[in-house]
Number of protein chains: 2
Amino acid sequence: MADVARLAGVSKQTVSRVLNGTGRTSERTRRRVEQAIRELNYRRSGVARSLATNSSLTLGLVVPALDNPYYADIAQGAELAAWEAGYNLFLCNVFQDAGREGAALRSLEERGADGVIVDTPRLPDGALAELLGRYKAAVVIGREVPLEVASSIVVDDAAGVQLALGALHDAERRRVALLAGPDLYASSTVRREAFVRSERERGLFDPARVVIADTSPEASFAATLELLSRTPFDALVCFNDIMAAGALRALQVAGVRVPEEVAVVGHDDIPMAAWLSPPLATVRVPKREIGQRAVATLIAGLSGAANTRVVLTPELTVRESLSGMG
Amino acid sequence: MADVARLAGVSKQTVSRVLNGTGRTSERTRRRVEQAIRELNYRRSGVARSLATNSSLTLGLVVPALDNPYYADIAQGAELAAWEAGYNLFLCNVFQDAGREGAALRSLEERGADGVIVDTPRLPDGALAELLGRYKAAVVIGREVPLEVASSIVVDDAAGVQLALGALHDAERRRVALLAGPDLYASSTVRREAFVRSERERGLFDPARVVIADTSPEASFAATLELLSRTPFDALVCFNDIMAAGALRALQVAGVRVPEEVAVVGHDDIPMAAWLSPPLATVRVPKREIGQRAVATLIAGLSGAANTRVVLTPELTVRESLSGMG
DNA sequence: ATGAAAGCGCTAACAG
DNA sequence: CTGTTAGCGCTTTCAT
């Protein structure tokens, strides 16, 4: 910057003014400075700038596993919103490890991120609160946190379950099974409870039709086979689309026709869902919107807005795994 | 830091020494400093540190689209390697837009990233070279660049095509079609040329069996239908697994049995490939390794190593879409 | 409209 | 083993 100032024959201050478009500068001076910048191919150091302003126009997003397209979509939504607001978004994938979730949060802080968005099932409430407390603002996705700690964006899980069960009930399915995810995910617990409650109200609940598995196709493949051997069912509600993919395959291998014999409903509506065979009906979560809202909320928080809680509503995407006509 | 120094009754310098484990410090002083740090819940500013040291222990990774699990896997590999080497990895998803690829590279630079890894088809060579020139080191994935510009990690695309075609030939397929990606992707061009060459050598090439489509399931679904209506074929080689998913669905809708009537081979081996129906045979690319090698190469470059070119070899993963016995 | 001085929080280089 | 002095590249305040 000093070089630019020298070449343009002005002070560093003036260069700074031109760069920021702040204060007044005569047309002529500005031209000279801009020219010098171009000639020197100068680029200002965001690091020094951050140090001086104590702000970085940088946001962090911490997600547990990018290999689930669910998070990839959230990331894209966030990315887009951040970009439009003039912020940068740094994504930290923490690869399913609580220790690294903390480390990511700390390092984002050290690097001067103005705020963070976290979607992390693993970090205990206390640790999360402490880590987030160091930021000017923070948003938590998929998990309720006290408003003193951060804003949160969650999906109405119970509503999603009702949607799926309602449609299955309309399709005359009376023995609905649930392929739940691990309780590690708060939303899995919520959905399982909603499932139990709802089926019980209909007088259709049978605990033998509930099985818990890891969120991998492999695990849900195995769990589905086990379920098949254990008890009859005519519909299967899955914790997410990845698991549903494993389940579909298991049903196919077992010679069970979908949806004629067993209807299958996934959750999330990842891009692949429509291309499974049969195309997977699923509870659609507005992933992009989650990302966008998270960023919007975060930026609002940075300008002093109070923390809020946003609840998004899922929709049912009907496809052949539910509606028949394979 | 000044606060810590005061509380511990030492100079800032000593605190810095303790923090960095550099230089010698008496056991007693260190204890006192550590105690003070804990009491004040102090955390050092990476921003100031970067400004002073002109290094940030931060790496950037720029990918075109996280919604393709291919990139997600590369990111995970990179993430892991960076973590183990004590570096942070900031991921920038640039959402299929050349302008933002440049913007991401610039902002990473401004934020003080020590080096970057880019996997970007869109940025023209010249612009890429200029942008990368500002970093101490850089690695390009999936694209050849002059060694003066950066190191590169590429996959032997021609070998992958040979693998697929060899297996199809062994399976007595004599009318192999190619569902290519846009030429935007250098590797698509390379593979298409390898395909043409190879089939021609066998005396089996027919240009009518080559079709180009966008890398989405929708586009490849449509392209496959069109191909079906245009010319007979008994095998289909796809640019990637995402496209293969669309193709599988098209074949199914058209009532074509896979693999009995048409064998299908994808590319990349994304996690979902094994769960499509039928499970998708595919040219397996060592995605995790690409990420790891990229980071290793980058870190080597940061310590002054000369740029290198790494060529990784793909393998064929045989599954039912190729081997029969649906 | 522009410049000079001070300081953001840290490390580097030198003393002691 | 520890403290002192500069200075990283920018913005902020106050003059002019």
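Visitor: How far is a backbone N or O atom of Ser26(B) from a phosphate oxygen of DNA strand D?
Guide: This is a predicted model, in which local features need pLDDT of at least 70, side-chain atom pairs count only at pLDDT 80 or more, and totals for chains, interfaces and linings use all residues. Residues are numbered from 1 along each chain as its sequence is written, chains are lettered from A and ligands numbered from 1 in written order, and side-chain values use heavy atoms, without hydrogens and water. A polar contact here is a pair of N or O atoms within 3.5 Å. For Ser26(B) and the phosphate oxygen the distance is 2.9 Å.

Visitor: Which residue has a polar side-chain atom 2.3 Å from a phosphate oxygen of DNA strand D?
Guide: A residue is near a strand if one of its heavy atoms lies within 4 Å of it. 23 residues surround DNA strand D, and the closest include Met1(A), Gln13(A) and Arg17(B). The side chain at 2.3 Å from the phosphate oxygen is that of Tyr42(A).

Visitor: How many residues of the surface near DNA strand D are charged?
Guide: Helices α2 (12-20) and α4 (46-53) of chain A and of chain B each supply at least two residues of this surface; helices are DSSP runs of H or I with at least four residues. Asp, Glu, Lys and Arg count as charged. Beside seven nonpolar and eleven polar residues, the charged ones number five.

Visitor: By what turn can chain A be laid on chain B?
Guide: The superposition is by least squares on C-alpha atoms of residues with pLDDT of at least 70 in both copies. The RMSD is 0.1 Å, with a shift of 0.1 Å along the axis and a turn of 180 degrees. The copies are thus related as by a two-fold rotation axis, the turn being 180 degrees.

Visitor: What is the relative accessibility of Thr297(B)?
Guide: Thr297(B) lies in helix α12 (residues 287-302) of chain B. Leaving out residues up to four places away in sequence, Thr297(B) touches Val139(B), Ser151(B), Ile153(B), Thr308(B) and Val310(B), contact meaning heavy atoms within 4.5 Å. Buried means under 20% relative accessible area (1.4 Å probe, protein chains only). Thr297(B) counts as buried because its relative accessibility is 13%.

Terms used. Polar contact = N/O pair within 3.5 Å; in protein donor to acceptor, adjacent residues only side chain to side chain. Buried < 20%, exposed > 50% of the residue type's maximum accessible area, 1.4 Å probe, protein only.
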